[in-house]
Amino acid sequence: MTIDSDPIPVTLRWAVRLLRAEAVAVGLVAAWLLWADLTATTTDLTSALLVTAFAIGAAAALWALGGALARRRAGARAPAIVLQLMLLPIGWFMVQAGVGWLGVPLMALGLGVTALLVSAPTNRALGFG
């Protein structure tokens, strides 16, 4: 049995947990989209399947990035940050559309995970400066 002399810092651990939670949430949305695609009476099937495929891809990317960060792969940080920053315009448009109860927490989530990913303990764990 080996003991890791340099455990994963709390900031990185929480970033990974939140990325994985986002992956599960987007996966549930993708499952709902797939169900909606299959049960709709009229639809543009190509567009519907493309949106569903995008959601499945986003869920897979979030899950994979979380796993890579858990293994301290420094190259996974930038794509994870980009995905988190994408929550800002999404949340903003939700606020503009009157769904602020969901948009504001999404923006806060994106900023929070980004802060965890650029924090000093995470930087050290990933081998940055």
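**Close-ups of a helical packing**

**View 1. Helix α1 against helix α2.** The axes of α1 (residues 10-39) and α2 come within 8 Å and cross at roughly 160°; axes here are lines fitted to C-alpha atoms, for helices over the stretch in contact, with angles from 0 to 180 degrees between N-to-C directions. That makes α1 and α2 roughly antiparallel (angles over 145 degrees). Sorted by class, the α1 contact with α2 has 20 nonpolar, four polar and three charged residues. This is a predicted model, with local features needing pLDDT of at least 70 and side-chain atom pairs counted only at pLDDT 80 or more, while totals for chains, interfaces and linings use all residues. Numbering runs from 1 along each chain as its sequence is written, and side-chain values use heavy atoms, leaving out hydrogens and water.

**View 2. Helix α2 against helix α3.** Here α2 (residues 45-70) and α3 (residues 77-85) have axes that come within 9 Å and cross at roughly 140°. From α2, A61, L62, L65 and L69 meet R77, P79, A80, L83 and Q84 of α3 (contact is heavy atoms within 4.5 Å). Seven nonpolar residues, one polar and one charged make up this contact of α2 with α3.

**View 3. The largest nonpolar core.** This core has 16 residues, and L12, L19, L69, A76, A80 and L117 have the most contacts inside it. Such a core joins buried Ala, Val, Leu, Ile, Met, Phe, Trp, Tyr and Cys residues through side-chain atoms within 4.5 Å; buried is under 20% relative accessible area with a 1.4 Å probe, protein chains only. The largest share, five residues, comes from α1.

**View 4. Around A76.** Setting aside neighbours within four places in sequence, A76 touches L65, A68 and L69.

Notes:
Helices (H or I, at least four residues) and strands (E, at least two) are DSSP runs, numbered from the N terminus. Ala, Val, Leu, Ile, Met, Phe, Trp, Tyr, Cys and Pro count as nonpolar, Asp, Glu, Lys and Arg as charged, and the others, Gly among them, as polar. Angles under 35 degrees count as roughly parallel, over 145 as roughly antiparallel, 65 to 115 as roughly perpendicular and the rest as oblique. Buried means under 20% relative accessible area, exposed over 50%, partly exposed in between (1.4 Å probe, protein chains only).
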